[in-house]
Amino acid sequence: PLVLFAVLRRSGLGGSSSCRLSRTESELRCRIPGGKLCSDRGRCECGVCICQVTESGKYYGPLCECHDWVCEIYDGKICAGTCQCGRCKCANSEGNGLVYGKFCECDDRECIDDETEEICTGHGKCYCGNCYCEAGWHGDKCEFQCDITPWEIKKRCTSPDGKICSNRGTCVCGECTCHDVDPTGDWGDIHGDTCECDERNCKAVYDRYSDDFCSGHGQCNCGRCDCKEGWTGKKCEHPHSCPLSVEESAKKCQGNSDLPCSGRGKCECGQCTCFPPGDNRVHGKNCECDDRQCENADGDVCGGHGICSCGRCVCQDGWFGKLCQHSRKCNMTEEESRSLCESADGILCSGKGSCHCGKCICSPQEWYISGDLCECDDRDCDKHDGLICTGNGVCSCGNCECWEGWNGNACEIWLGREYP
């Protein structure tokens, strides 16, 4: 069968004799940015692609550029709904919007109680298939009521600083379950009756590469360092033998950055040692250069179309973008380009970027805006030590994608090989 996915501005398909376009003009309208006619999946008739398909819905789009299986391999995740031109469309047969997410991975129908048929039994809110219960209720679907009053529950879970479980845990019937970030399942970094102890406060930036607390020169007690003799500083990072004060040392290591050694190294007596050790992609007097920022998800530096200079790509002629990923040449019409840059609500690049050859270029003034349609805010990514994704990964649409060897919501946990 033949599938036609275009709006014809003339009556009928007609033959070449009825076409008012020259062959060059016709083919120009049918070419994709790579130069192929109708993506090599159809034929061009008077500037319109007629897609050749063997299975219904396999190839479609103005330039036959869409193919359903893109959804199955996009970001290595499976589309749990229906794939439409590389994007997931979630199945909400009842129009209730309970299935959602970039890959339709969230199904709030999981929160519906079998007996009451209410979401979270009417005693909580559902997010991505999980119930978050109101005070006094617990259970997978908030179906169980606690045997003490909500006031008593709050009293037992309130930490000395007045926060529920110190904002580091979940209160269930007066007992705090701490959000432990230690993947080993050991005692972990967060503990205490009200999760008031956070051992991460004892770790310097460079300690993330080892099991050391307090720079290896002290003992951590409920998130505070007690230093050994000869060492001082909030994290026992400063030797008494250094002629510089703690403040002078940190200032010298900080340079123009917000953090000593740009949050990517160890500061000792005003000198930075960049981490990971042996990785020459992190360099500079204050470890201010991180050439890992020039790599895409496949590890290609500047997309193969430029060179990396202190964490920034310098693109070759004819290419642009943060990772030199965009070609300045474009064989699309403006209308075709805009159609690929518009979101479902018809807004171009979510109102936060410009469209070039069917791809959104997000505003460079707003560094935190990202996504295929500039729909993501990277400020939503978790931070540690003041750094988004702890500087050990990249933020992808609000979630940290950690580089090899790193783990944790903010890529703050080192699970790779040991360093000397």
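**Disulfide stops**

Select Cys330 to begin: its relative accessible area is 30%, which makes the residue partly exposed. Keep in mind that this is a predicted model.

The sulfur atoms of Cys330 and Cys357 are 2.2 Å apart and form a disulfide. Cys330 sits in the loop between strand 29 (326-327) and helix 5 (334-341), and Cys357 in the loop between strand 30 (353-356) and strand 31 (359-362), so the pair ties together parts 27 residues apart in sequence. The torsion about the S-S bond of Cys330 and Cys357 is 90°, and the link is right-handed.

Next, select Cys242 and Cys269, a disulfide with its sulfur atoms 2.0 Å apart. Cys242 is in the loop between strand 21 (238-239) and helix 4 (246-254), while Cys269 is in the loop between strand 22 (265-268) and strand 23 (271-274); the pair links distant parts of the chain, 27 residues apart. The torsion about the S-S bond of Cys242 and Cys269 is about 80°, so this disulfide is right-handed. Colour by accessibility here: Cys242 is buried at 9%, whereas Cys269 is partly exposed at 24%.

Now move to Cys253 and Cys267, joined by a disulfide with an S to S distance of 2.1 Å. Cys253 lies in helix 4 and Cys267 in strand 22, so the pair ties together parts that are 14 residues apart in sequence. Both Cys253 and Cys267 are buried. Their link is right-handed, with 80° about the S-S bond.

To finish, select every cysteine pair whose sulfur atoms are within 2.5 Å. The count comes to 31 disulfides.

Notes. Residues are numbered from 1 along each chain as its sequence is written. This is a predicted model: local features need pLDDT of at least 70, side-chain atom pairs count only at pLDDT 80 or more; totals for chains, interfaces and linings use all residues. Side-chain values use heavy atoms; hydrogens and water are left out. Helices (H or I, at least four residues) and strands (E, at least two) are DSSP runs, numbered from the N terminus. Buried means under 20% relative accessible area, exposed over 50%, partly exposed in between (1.4 Å probe, protein chains only).
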